[in-house]
Amino acid sequence: MALPYQHAGTNTFVPEIFDAELIVQFDPLLLVWASRLVSNRKYEGEIRKRGDVVHINSLLRPTVGDYKLPDGMTAQRPETVDQELPITEAKYLQILIEDAERVQLASDDFNSPINTQMIRAIARAADTFMGNVISSSATALPDVAPASGNIPASLYGTILDMMLALDDADVPGGRYVIVSPKVKRYLIEHPSVANAAAYGDSGVTANGVVARLAGFTVASTTAMPAGVDIVAGHSDFSTFASQFTGFREGQSEKFRADYIDTLHLYGGKVIRYPGMDTKKADNAWDEALPTKGIVKAAVDWPA
C-alpha cells in the first residue's frame with residue numbers, strides 16, 4: 001500500500017531485500033576482529049533486543065582414572081559451567097534523502113556510494129568493539145623493542161614467540177595474527193613474509209589478509225585497540241553475535257524528506273575453556289584473568 005507521499009517510483013521499495021544484501025556485504029569483506037577468521041558465530045542464536053543474553057555452557061573435562069582390581073570404576077557426573085554472552089550494543093544508522101527513487105534504484109547495486117558508506121560505518125563500529133573485547137582478555141607478552149636496523153626480524157621473531165605461547169597452551173591449528181598497519185609495513189620486508197608462498201600462500205584477500213605462513217593467517221586492520229600492535233589467537237576463543245533488525249523507510253517527522261534506517265544489535269565475548277581457565281566457587285569462570293588462547297604485544301618503536 002502506497003503512503004501519501006509516495007508515487008509510482010517508490011511504491012515497490014522492499015526493505016527485506018535491502019536487509020539481506022546488507023548482511024551479505026557486511027559479513028565477509030569489511031570485518032577483521034568480528035570476522036570468522038578471528039571470532040566464531042557458534043552462539044549467535046536469535047537476538048531481538050539490546051539486553052538479550054546468549055548462554056554458553058562449557059562441559060568440564062572428566063578425570064581419567066586407573067582401572068585396577070578390586071576397586072573397579074567410579075562414575076563421574078558431567079558438570080557444566082555457564083558463560084553469558086550479553087548483547088550490549090545497539091547501533092543505528094538513519095539517513096535522510098530528498099528523492100526516494102535514489103534509494104530504490106540503489107537496492108540492486110550495493111556498490112553505490114550511499115550503501116557502501118552505510119555498510120562501512122556499521123562494520124567499523126562493530127569491528128572496533130570486537131577488537132577491544134578480544135584485546136582486553138588476551139595474555140600480554142613483553143613489549144617488542146626493535147632496534148632501527150632489525151625491525152622486520154624483531155617483529156617476525158615476536159610472532160614466532162606467540163606461536164610458541166599458543167603451542168604451550170595446546171591451542172589448535174588454524175590460528176590468526178592481527179597486526180597494525182605500521183607492523184605490516186615492516187613485517188612484509190622480512191623474507192619469510194615477503195616469500196610467504198614458500199610456506200603457505202600469499203596475496204591480499206578478504207578481511208585484511210596479508211599472507212598465510214607458519215600456521216598463521218596474517219591480517220591487518222586500522223581498528224587496532226589502543227596500546228596494542230600484534231594479537232595472535234584462534235577463533236574458538238572469541239565469539240561475536242550479530243543481528244540486523246531490518247531496514248525501515250518512511251517520511252521524516254522533522255524534515256521534509258524521506259528516511260531510511262537500520263538497527264544493528266551485537267555483542268562479543270572471549271570464551272573460557274576447561275583446563276585453561278580458572279573456575280570460581282560460584283561455578284563460573286574467572287573472567288578477570290586473561291585467556292591463554294589469545295596473546296598480544298605492543299611495540300616500542302625506535303625514535
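Glu189 counts as partly exposed in this predicted model, its relative accessibility being 44%, and its side chain forms a salt bridge with Arg185. That pair belongs to a set of six salt bridges in the structure, and three of them, including the one between Glu189 and Arg185, are described below together with the solvent accessibility of the residues that form them.

**Glu189 and Arg185**
- The closest N and O atoms of Glu189 and Arg185 lie 2.4 Å apart.

**Arg175 and Asp167**
- Arg175 forms a salt bridge with Asp167, and here the closest N and O atoms are 2.7 Å apart.
- Arg175 is buried, because its relative accessible area of 9% falls under the 20% cut-off.
- Asp167, the acidic partner in this bridge, counts as partly exposed at 38% relative accessibility.

**Lys42 and Asp236**
- A salt bridge also joins Lys42 to Asp236, with 3.2 Å between the closest N and O atoms.
- This pair links distant parts of the chain, since the two residues are 194 residues apart: Lys42 sits in the loop between α1 (15–29) and β1 (53–59), whereas Asp236 sits in the loop between β9 (230–233) and β10 (238–251).
- Lys42 is exposed, because its relative accessible area of 52% is over the 50% cut-off.
- Asp236 has a relative accessibility of 21% and so counts as partly exposed, given that buried means under 20%.

Note on methods: Residues numbered from 1 in each chain as written. Predicted model: local features only at pLDDT ≥ 70, side-chain atom pairs only at ≥ 80, totals over all residues. Heavy atoms only, no water. Salt bridge = Lys/Arg side-chain N within 4 Å of Asp/Glu carboxyl O. Helix = DSSP H or I, 4+ residues; strand = E, 2+ residues; numbered from the N terminus. Buried < 20%, exposed > 50% of the residue type's maximum accessible area, 1.4 Å probe, protein only.
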